[in-house]
Amino acid sequence: MSDIVIKILYMVSCIFFIRGIKLLGKTDTARKGNLYSSIGMLIACVTVLCEKQVLGSWSANPLENGYVYIAAAIVIGSVIGIFWSKKVEMTGMPQLVALFNGFGGLSSLLVAIAQYVCQPKGDYFTAASLGLTIAIGAVAFTGSVVAWGKLSGKAFKKNVAIPFKNALNAIICIIGFLGIVAYAFFTANNPFGLSNIEFIGIVVSTAAFLLLGFTMVIPIGGGDMPVIISFLNALSGLAAAFAGFAINNTVLVVSGCLVGASGLILTLIMCKAMNRKFSNLLFKSFGGSKKKAGANGPAKEPKAISVEDAYVILEAAKNVVIVPGYGMAVAQAQHAVKELCDKLEANGAEVNFAIHPVAGRMPGHMNVLLAEANVPYEQLKTSDEMNPQMSNVDVAIIIGANDVVNPDAIHDQSSPLYGMPIVNAHEAKTVFVLKRGKGTGFSGVENPLFTNDNTVMIYGDAKSTVSQLVSEFNS
């Protein structure tokens, strides 16, 4: 295949990537965006195999044919991917996304190490790019593994306070970059008299940045994982871009930059939604102190209500807003919620969904769940869109949400959540809160909304409660 054809195919695949990411920006076109991106990746992979003459090589011994190993890797990866897609429920999607980010960083790291082992060191720019690929890929890998452990509850369940964390991370980072400098800019004839300084540099850099990913993410509270997931996603894309420079592959540079840029933009959006500065993401531990119940006086008891009484109020409501949270995902209540939505609309009520940017445990978690239940896209509103109308809402139904509706974020400067934009559900005329019990949210902060005069609690499994409300409408 000629060079001009290869360049054209790379350009076509890049166009598919760009178009795919554009379509991913809207819920109703996201599926098509995934398809376009997949087509672009298929074109890029086949083009790489042709460019490197992997498909054209042939040997009587199958084990000497490179495409045999590639085909085996594709089959194994496809089987694992299909198994995970069938087994993992929507509640497990955030930690799966975190793990995929880690695998992206690990793949870039392995590509860089393979390049070091198989190819002689190129010019300074290429060598530095290889070192940065190792650095960023290693941080993305171990950081994502920690995020996966926190979200899944299988590891790192408690926040770990690292003494002098920023100083320690700075020292580790400096050691790692010294390893990159040793590899990229020194040869066997170096002033230190070390014959294997390049190898030492690679090992030191890899070990240092693997450790940095751990120490950077481990102090961060689980409630702030949506932000760190999007940041790690940006790092995995950036690692891929530097890997493209290291192996001189244009399409890898373009696709990596697209992922890195989109991930960084999403990180900034998430930081704004949580009233965090980007510098806090890197240098401060999130969700530090927790406000205890009774800190501002005697604790009030939430008022409970039965499903039958809740139905009487809903039956008369003409404007209803549903605020979903991670509890809806845990209960797998999205389909029951869609049924309730249909019953309310048939009864003459206007129904909308107020979705906070960080509701759930990854960006877009609630949107995905509700789209799965075929909730119309036009009913999915952001908190900014719904808040001006909230005082006119007859009933706000909070399903498994906590921190994103906590009014202390507005009124109490001593709260760890103070300044975080929320869904102003407390302004509705009546608030239903569907919860399993009286516990706090993922951040561990008490929510005074639950004891407001206009709030009533409906305790129990969210799916069961919503299904009972649907049954009341049916009868």
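Reader: Where does Thr465 lie?
Author: In helix H17, residues 462-474. Keep in mind that this is a predicted model.

Reader: Why is Thr465 called buried?
Author: Buried means under 20% relative accessible area. Thr465 has 3% relative accessibility, so Thr465 counts as buried.

Reader: What is Thr465 in contact with, leaving aside neighbours within four places in sequence?
Author: Val307, Leu434, Ile458, Tyr459 and Gly460.

Reader: How do you know how H6 and H7 run relative to each other?
Author: Take the angle. Helix H6 (residues 165-185) and helix H7 (residues 197-217) pack at about 155 degrees. Angles over 145 count as roughly antiparallel. H6 and H7 are therefore roughly antiparallel. Their axes are 7 Å apart, and the crossing is left-handed.

Reader: Which residues make the contact?
Author: From H6, they include Leu168, Ile172 and Phe177. From H7, they include Ile202, Phe209 and Leu212. By class, the residues of this contact divide into 16 nonpolar, six polar and two charged.

Reader: Which residues touch the most other members of the largest nonpolar core?
Author: That core has 41 residues. Leu314, Val320, Phe353, Ile397, Ile399 and Phe432 touch the most other members.

Reader: What does Phe353 touch, not counting residues up to four places away in sequence?
Author: Its partners include Ile322, Val337, Cys341, Leu370 and Met386. There is also a second, separate core of 35 residues. Leu151, Ile202, Ile220 and Ile228 are among them.

How values were computed
Residues are numbered from 1 along each chain as its sequence is written. This is a predicted model: local features need pLDDT of at least 70, side-chain atom pairs count only at pLDDT 80 or more; totals for chains, interfaces and linings use all residues. Side-chain values use heavy atoms; hydrogens and water are left out. Axes are lines fitted to C-alpha atoms, for helices over the stretch in contact, and angles run from 0 to 180 degrees between N-to-C directions. Helices (H or I, at least four residues) and strands (E, at least two) are DSSP runs, numbered from the N terminus. Angles under 35 degrees count as roughly parallel, over 145 as roughly antiparallel, 65 to 115 as roughly perpendicular and the rest as oblique. A crossing is left-handed if the near helix is turned anticlockwise from the far one by less than a right angle, and right-handed if clockwise. Contact means heavy atoms within 4.5 Å. Ala, Val, Leu, Ile, Met, Phe, Trp, Tyr, Cys and Pro count as nonpolar, Asp, Glu, Lys and Arg as charged, and the others, Gly among them, as polar. A nonpolar core is a set of buried Ala, Val, Leu, Ile, Met, Phe, Trp, Tyr and Cys residues joined through side-chain atoms within 4.5 Å. Buried means under 20% relative accessible area, exposed over 50%, partly exposed in between (1.4 Å probe, protein chains only).
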